[in-house]
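Q: Could we go through this structure together, one topic at a time?

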Amino acid sequence: MIIPGKIKQSLSQVTIVQEIVKFVTNKQLIQLKWLSDLKLVSHSRGWNYQTSQSSAIQRCEPSKTISEDILGNINTGKKIFKNHRENNLAKAEMLYSSLYAVTRYPVPETFICEMSDVFLLVPNGGILTNQLEIVTQSAARNTINPPLYIHSYPNKNDCLSGTYVSFLGLWGDIHYSHWLLDILPRVSLLKHLSSNLQDDLQFIVPNQLQTYHIEALTLLGIPQERWISMPNGVYRLEKFVLCHAAERSMVVNGKHFSEVRNSLVKAVIGSEINSKVTRRVYISRRNSRRKIINEEELMPVLDKYGFEVYCCEKMSLKEQIRLFSETEVVLGAHGAGIHNQIFCNPGAKIIEIYNPIWVYHGTFRIANLMNHEHWHTFGEDTGAENSIYMNPNKLDKVLSYALRQNDFIEKIY
């Protein structure tokens, strides 16, 4: 891995002032413009823009649950919605109601754009043009957090020669699920480049590489001798290939997602589909700050239905890929670990335990892309780091329905 020893610039705290970015250079305040449509300007600037996938609408079938959870949301829904962590009533209503209806969501066009003379912001991966415009499509829109106060930027004499691709993005350097779904699908776009350009690429990777970063890039065939780690700062690049695989964080294009998923699984087990699928896996978050606080009380229920218990953070990426490729039922609280469902075969069953004030649809959308059967249930918010209490008898009932076993005995809980 190469670590450039020059052009180290300091970045101060991210701040947003409406939609105006303050760029500070040579003690002079400059307003940046927003550049939101590369396709519109690429020809006039001599940039090679290639569409990979046209815009599309992706579809989600309803999630399944027991009647108590549906009725509970109807009876106390407004109170739950108002307590949603973003305190956004309209968004909360959408998050809950879309679990129970057929929904569709737009996936904008994906593309690659070969650009010249740009500034790269590390660590968030944002791109500025040489006309000091923020390229909003340089990261998923709800993850890009310019503006940044930049006290100086490299001049043309400090430009780094060569052609670069970025595997940077907000959260992708520290969150496993965002790395899998926001960053890695960019690999799918690289095949559109000419073979000569592919051979010359240098890959900018997070400056604090985790084991799963290293394993994923290696499994996907990204040569380690061409990885570059850059300290936080601003870097002027001679050439840059922007791989735009998604418009919003955790809203992945189905084609790019599938290609990367299949490549990872095939690299580990030799096939995209595992022919031996028998396991039921419960994903424990006991070592996380956001957890099920009474997990030990759930163990008899898990034993009853034949679940194995795993802490995914203690496993290598290869171990997780192999395990979930053999798994027919995945159970766990919402979190990074349950996103390993992507390595399951189509047709697997995903049973997700939500905190009623912490509902996100990343795994729900993946389930639909993977043709998984998605179930959910709600625990009780404990008020501590969004941890939850899960009633064992309620979990027993959910599993009896989801796994189509009829030996559940109705109790009051």
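Q: How do the residues of the lining of the second largest cavity divide into nonpolar, polar and charged?

A: The lining of the second largest cavity divides into 5 nonpolar, 4 polar and 3 charged residues, where Ala, Val, Leu, Ile, Met, Phe, Trp, Tyr, Cys and Pro count as nonpolar, Asp, Glu, Lys and Arg as charged, and the others, Gly among them, as polar. Please keep in mind that this is a predicted model, in which local features need pLDDT of at least 70 and side-chain atom pairs count only at pLDDT 80 or more, while totals for chains, interfaces and linings use all residues. Residues are numbered from 1 along each chain as its sequence is written, and side-chain values use heavy atoms, with hydrogens and water left out.

Q: Which residues line the second largest cavity?

A: Among them are Arg285, Arg290, Lys291, His334, Tyr354 and Trp358. A cavity here is a set of points, on a 1 Å grid over the protein atoms alone, where a 1.4 Å probe fits but cannot get out, and lining residues have an atom within 4 Å of a point.

Q: And what volume does the second largest cavity have?

A: The volume is about 70 Å³, and the structure holds 7 cavities of 30 Å³ or more.

Q: New topic: how many aromatic pairs does the count come to?

A: The count comes to 5 aromatic pairs, taking rings of Phe, Tyr and Trp (its six-membered ring) with centres within 6.5 Å, and calling planes under 30 degrees apart stacked, over 60 edge-to-face and the rest tilted.

Q: Why is the pair of Phe167 and Trp179 edge-to-face?

A: The pair is edge-to-face because the planes of the two rings stand at 75°, with the centres 6.5 Å apart. Phe167 lies in the loop between strand E9 (160-166) and helix H4 (176-183) and Trp179 in helix H4, so the pair ties together parts that are 12 residues apart in sequence. Helices (H or I, at least four residues) and strands (E, at least two) are DSSP runs, numbered from the N terminus.

Q: Are Phe167 and Trp179 buried or exposed?

A: Both Phe167 and Trp179 are buried, meaning under 20% relative accessible area, whereas exposed is over 50% and partly exposed lies in between (1.4 Å probe, protein chains only). Ring pairs also link Phe167, Trp179 and Phe203 into a cluster.

Q: What about helix H11, how many of its residues are buried?

A: In helix H11 (residues 392-402), 10 of the 11 residues are buried, including Pro392, Leu395 and Val398. After H11 comes Arg404, which has a positive phi near 55°.

Notes. On a 1 Å grid over the protein atoms alone, a cavity is a set of points where a 1.4 Å probe fits but cannot get out, and a pocket is an open set with protein on both sides within 12 Å along at least five of seven lines; lining residues have an atom within 4 Å of a point. Grid points are joined across faces, edges and corners, and a volume is the space filled by probe spheres set on the points.
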